[in-house]
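Visitor: I would like to learn how to read a model like this one. Can you take me through some features?

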Amino acid sequence: MITVTIPQQLVNLPENELTDIVNRIYNRVDYEKEYLQDNRDGRYITVSKDDEIHYVCISRPDNNARNARLMQFVTPTYTAWYDEPKVNKFLDIYLSNPTDSDKNNYSKFFYRCFLTIGINILNIDQLFLPELVPFNNYFDLKHYRERNTGRNRHNRATYFSEEKDHIELFAKTFGANQMESFILALVLRKLLPDKTLILFPVVDNEARDIARKQREILLGSGVEFGEIISNIDNRNIRLDSIGPERDTPKYHYNLLKKYGDKKCLLCGCEMEHLIIGSHIERVTDIKNSVVYSDEEKIRRIVDGENGFWLCANHDKMFEYGIIYFRDKKLCYRNGLRDVDRGFINYSMMQADYVDDMQTPFKIPESLVSQQMEEYLSIHRHRNGVED
Ligand SMILES: [Zn+2]
């Protein structure tokens, strides 16, 4: 016998949808219904047969607000499914009368995320989108997200990047962002099971840390938790915890917010292992300063204006003052051999901001603030360039 258990808020679910759900799961249309007295957190029913149970999260048909039809219900359903003691348990999604609003880029990205972590979308065929398959690997995930949501989205709920020996995931934990953070952490674990994943919860004024239950699930799947990143201030960063060469997570987060995913500003290299958060005013110099207060030192060390993403080569060229910037324009140290200038020119031919060999590289206006100009002047000064 197939039993469908329905909570209060779903008592008006159309019979034809129930039948369709059961039919898609068991290829049968006979079932008995059981009604619960109370509501459930999350819009889901359960469909069970013998020792098997399906948790089916159902999108809300009466709400066309973008992304509000389904996404907010997935995490509570996941949590309930996670707590289910039966071994044969499945997590499904059913799109109630899917329309074009179920096919926006944001949703498409998350459908693929859901499929990747084993959530089945029962009526996915009704979307007529053959591209909706699980992600093959980390790069597939990265590129699909970039294609669908744009590289430089400033207000992303989450940012992630690959470091030498781990993945960093910066995850806002407040409001609607929770779902995105939670699901992405599970997807990254699934795609990179051998790599340490460190989740840095990003909080703002009213926000607390990630919900207790979600933290428990993520810990259970091997996610590690890093320090809390405040969107508001640097109160929880201690100066003596910052080594001379150490990039702080907060600095990475600020660079991701400003520039988007890791990519060398000068040559466009996107191999994440090779990309460094390159300080303009050096961490060592800031730490050794006798002028700045401790608070000001921390501010400068984590400031997204104090740096760019650079590949290992360009990072060193910049650090050694072989190249520097004046009026946003790239300049070369005096006395550089023609062959070296040629090499540097050539290395930048793939950059976003270079049209041809004749026009010198210029940092786009939109990326340069007064604060950055100050750092760039400090950099010139340190390398003995006259202003
Ligand atoms: Zn580069």
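**Reading the model, feature by feature**

Guide: Start with Phe128: at 66% relative accessibility, this residue counts as exposed, where exposed means over 50% relative accessible area, buried under 20% and partly exposed in between (1.4 Å probe, protein chains only). This is a predicted model, in which local features need pLDDT of at least 70, side-chain atom pairs count only at pLDDT 80 or more, and totals for chains, interfaces and linings use all residues. Residues are numbered from 1 along each chain as its sequence is written, and side-chain values use heavy atoms, with hydrogens and water left out.

Visitor: What is the phi of Phe128, and where does the residue sit?

Guide: Phi is near 50°, a positive value in a residue other than glycine. Phe128 lies in the loop between β6 (120–121) and α4. Helices (H or I, at least four residues) and strands (E, at least two) are DSSP runs, numbered from the N terminus. Asn27 also has a positive phi, about 60°, and is not a glycine. Its place is the loop between α1 (15–26) and β2 (32–35). Asn27 counts as exposed, at 66% relative accessibility.

Visitor: How do I check the length of helix α12?

Guide: The expected span is 1.5 Å times one less than the number of residues. Helix α12 (residues 370–382) has 13 residues and should span 18 Å; its end C-alpha atoms are 19 Å apart, which agrees.

Visitor: Which residues of α12 are buried?

Guide: First the general idea. An α-helix has 3.6 residues a turn, so residues three or four places apart point the same way. In α12, the buried residues are Met372, Tyr375, Leu376, His379 and Arg380. Seen down the axis, they fall within an arc of 145°, so they line one face of the helix. The arc is that of the directions from the helix axis to the C-beta atoms. The face turned away from the buried side carries exposed Gln370 and His381.

Visitor: What do the buried residues of α12 pack against?

Guide: Contact means heavy atoms within 4.5 Å. The partners are α7 (249–259), α9 (294–302), β13 (307–311), α10 (312–319) and β14 (323–326). Gly384 follows α12, with a positive phi near 70°.

Visitor: At what angle do α4 and α5 pack?

Guide: Axes are lines fitted to C-alpha atoms, for helices over the stretch in contact; angles run from 0 to 180 degrees between N-to-C directions. Helix α4 (residues 138–149) and helix α5 (residues 177–191) pack at about 145°, with axes 9 Å apart. Tyr138, Leu141 and Arg145 in α4 meet Glu180, Leu184, Val187, Leu188 and Leu191 in α5.
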